[in-house]
Protein chains: 2
Amino acid sequence: MSAGKHVAIAGATGAVGVEMLQCLEERNFPLASLKLLASARSKGKKMTFRGEELTVEELTPDSFKGVDIALFSAGSGISREFGPHAVRAGAVVVDNSSAFRMEAGVPLVVPEINPEDAPGHQGIIANPNCTTIVALMALYSLHRAWTVRSIVASSYQAVSGTGQAGIEELAAQNRALVAGEPIVAKVYSRQIASNCLPEIGGVVANGYTSEEMKMQNEGRKILHQPDLKASVTCVRVPVFRSHSVSVTADFERKPSVEEARRLIGAAAGVQVMDEREANRFPTPLDCTGKDDCLVGRIREDLVFPQGLSLWVVGDQVRKGAALNAVQIAELL
Amino acid sequence: MSAGKHVAIAGATGAVGVEMLQCLEERNFPLASLKLLASARSKGKKMTFRGEELTVEELTPDSFKGVDIALFSAGSGISREFGPHAVRAGAVVVDNSSAFRMEAGVPLVVPEINPEDAPGHQGIIANPNCTTIVALMALYSLHRAWTVRSIVASSYQAVSGTGQAGIEELAAQNRALVAGEPIVAKVYSRQIASNCLPEIGGVVANGYTSEEMKMQNEGRKILHQPDLKASVTCVRVPVFRSHSVSVTADFERKPSVEEARRLIGAAAGVQVMDEREANRFPTPLDCTGKDDCLVGRIREDLVFPQGLSLWVVGDQVRKGAALNAVQIAELL
């Protein structure tokens with residue numbers, strides 16, 4: 001490995017961890033060393049990186065000696081437990097969980113939107129929620145032009161958002177469905193194959209789920225827009241990968257569809273796919289494995305006189321998680 | 001068959017036609033005779049009704065002699081071609097297609113909402129769009145209490161909305177997906193298995209699809225609310241049956257969640273399924289084969305100060321089509 005940063009991935013064997021490895025490889029991230037960390041169960045597992053075989057080590061409080069950047073993607077509990085050890089060892093933690101996102105002193109960063117927030121960290125930088133990243137990737141250039149004040153959104157979230165276990169559950173249920181066998185639900189409370197589950201993350205006091213509140217809470221922090229309102233409905237759909245979001249946004253100034261298309265087309269990390277005549281619009285399959293989010297169905301809203309409605313799809317494992325974390329690491 | 005009406009079903013062999021037969025049977029509809037009509041291709045096919053075997057006849061201009069009520073569910077083209085023949089023969093047409101819905105003199109009826117419109121017909125009564133029925137079933141009692149002025153909605157529509165062909169396409173693609181074989185798309189322009197298609201019905205001039213405009217256009221007519229605004233995004237999801245709709249509604253008077261739950265619980269044709277502690281909310285599987293629409297996730301909206309957000313699921317083949325048509329026939 002060439003001169004560069006000493007990087008560790010905590011949660012290397014999960015769906016996002018595997019993708020982090022791939023993003024580091026594809027983007028030719030300047031590495032001095034790469035350490036793969038996971039639970040005791042995965043210790044000794046081999047993973048390939050740049051043609052070399054790396055051995056997964058058990059994540060312990062002592063794992064971070066000499067590490068410059070620690071990418072965490074093993075859930076909030078692990079981040080809370082081991083993140084502080086990494087910081088004490090001198091590493092900068094880029095955390096994909098929700099553990100520290102709303103804490104003061106923890107920048108919450110989408111590199112195409114608020115890279116300037118990253119240097120203010122005190123050891124931890126948080127990666128936003130996947131659905132929030134995807135929606136804001138579509139909205140940010142429009143926000144700069146017209147200032148978004150409210151968002152009404154409904155999500156169509158893939159099982160990849162639950163990690164490898166979610167992917168395996170949908171695959172197993174699809175097999176049972178095709179074979180006419182009984183369907184077993186373990187990861188989700190109900191059958192996800194041929195179904196939609198309108199609850200992600202558990203309901204909080206105001207009737208929204210924790211997942212739904214993230215777009216308002218995290219959106220305010222990322223956009224530096226403390227009075228942003230977001231009413232969101234998060235729904236798990238039987239799709240393997242890539243999240244879709246139906247977004248209606250109300251702006252402080254009157255937007256135009258023409259200009260919105262131009263702005264999104266010119267923005268980094270997003271592409272317009274909006275072919276009305278051909279009825280060709282972004283779908284999860286179009287986006288899977290891609291870095292960019294795809295935006296279509298851009299139209300004047302019929303309820304908000306200064307609103308636009310649109311449809312955005314992003315690969316949740318990539319831009320919604322692994323890629324965004326690696327991009328944050330690149331800012332360091 | 002007992003004394004009652006002479007009924008014909010045009011499109012008896014389709015997904016909705018089959019369900020109409022079942023609704024007539026379950027509801028013990030007073031029939032003097034029942035005639036099953038379909039295209040030449042299905043002529044001679046046998047279908048069972050109340051233990052008797054009925055033979056499908058070919059739909060022709062002369063099919064409606066002596067028929068009192070003709071239930072049409074064979075697409076707009078067939079309704080336009082044969083509906084007038086049925087009316088001339090003295091039948092009342094209950095039409096499930098979009099052919100006549102917006103015509104003056106054609107009542108557009110959801111029996112739980114505007115039964116009083118039915119008697120004003122001039123030979124044709126239209127059955128509303130399935131997604132519109134499902135959304136309005138959730139909203140109607142709230143509308144009576146607080147007057148709905150705007151709706152922002154995103155749909156999660158099952159392939160049953162496309163009829164038997166859509167159901168077969170998803171089943172075939174699921175089999176191919178599980179077997180790792182190439183996926184063939186014929187009915188839909190793109191793969192629907194493990195995907196979401198954000199386009200139903202073709203895009204019209206304002207950037208919305210014809211399907212999306214139905215909630216505003218039909219909603220105005222059904223609710224007698226000519227200034228109702230509805231901004232809708234219609235999405236096909238890989239679910240076999242039952243449509244879900246994420247609905248945000250803004251009212252003229254301040255609503256309350258408590259009262260909304262009470263009103264929906266007391267209304268005909270809808271049930272509240274909103275168990276926050278248990279995270280139990282309506283899913284398409286809960287609703288399939290049921291007459292009632294199920295409503296959950298009822299909460300104060302975060303964008304509209306006088307708004308509510310909710311999630312409603314309805315069996316599109318039943319309440320969204322066949323059942324609603326049979327209920328209209330019962331009004332006659």
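1. A residue is taken as buried if 20 or more other C-beta atoms lie within 10 Å of its own. The structure under discussion is a predicted model. By this criterion, twelve of the 14 residues of α8(A) are buried, so this helix is largely enclosed by the rest of the structure. The buried residues run from A:Arg318, A:Lys319, A:Gly320, A:Ala321, A:Ala322 and A:Leu323 through A:Asn324, A:Ala325, A:Val326, A:Gln327, A:Ile328 and A:Ala329.

2. A straight helix of 14 residues would span 20 Å at 1.5 Å a residue, whereas α8(A) spans only 17 Å between its end C-alpha atoms. A bend of about 40° is found at A:Asn324, and A:Asn324 is also among the buried residues of the helix.

3. In chain B, helix α8 (residues 318–331) packs against helix α3 (residues 130–146): their axes come within 8 Å and cross at roughly 95°. Angles of 65 to 115 degrees count as roughly perpendicular, and α3(B) and α8(B) are therefore roughly perpendicular to each other. On the α3(B) side the contact is made by B:Cys130, B:Ile133, B:Val134 and B:Met137; α8(B) contributes B:Lys319, B:Gly320, B:Ala321 and B:Asn324.

4. The largest nonpolar core has 218 residues, and A:Val312 and B:Val312 touch the most other members. Leaving aside residues up to four places away in sequence, B:Val312 touches B:Val134, B:Ala135, B:Met137, B:Ala138, B:Val245, B:Val247, B:Cys293 and B:Val295. Two of these, B:Val134 and B:Met137, also belong to the α3(B) side of the helix contact described above.

5. Most residues other than glycine have a negative phi. A:His224, however, has a positive phi of about 55°; its place is in the loop between α5 (210–223) and β10 (229–233) of chain A. With 11 C-beta neighbours inside 10 Å, A:His224 counts as exposed. B:Arg297 likewise has a positive phi, near 55°, but its place is in strand β13 (residues 293–300) of chain B. B:Arg297 is buried, with 25 other C-beta atoms within 10 Å.

6. A:Pro61 lies in the loop between β5 (57–58) and β6 (69–72) of chain A. Because A:Pro61 has 12 C-beta neighbours inside 10 Å, it counts as exposed; the cut-off for that class is 12 or fewer. Beyond residues up to four places away in sequence, A:Pro61 touches A:Phe82 and A:His85. A:Pro61 and A:Arg88 are 27 residues apart in sequence, and their C-alpha atoms are 9.9 Å apart in space.

Technical notes:
Residues numbered from 1 in each chain as written. Chains lettered and ligands numbered in written order. Predicted model: local features only at pLDDT ≥ 70, side-chain atom pairs only at ≥ 80, totals over all residues. Core = buried A, V, L, I, M, F, W, Y, C linked by C-beta atoms within 7 Å. Contact = placed C-beta atoms within 7 Å. Helix = DSSP H or I, 4+ residues; strand = E, 2+ residues; numbered from the N terminus. Expected span 1.5 Å × (residues − 1). Bend = angle between axes of the 7 residues up to and from the residue. Axes fitted to C-alpha atoms, helices over the stretch in contact; angles between N-to-C directions. Parallel < 35°, antiparallel > 145°, perpendicular 65-115°, else oblique.
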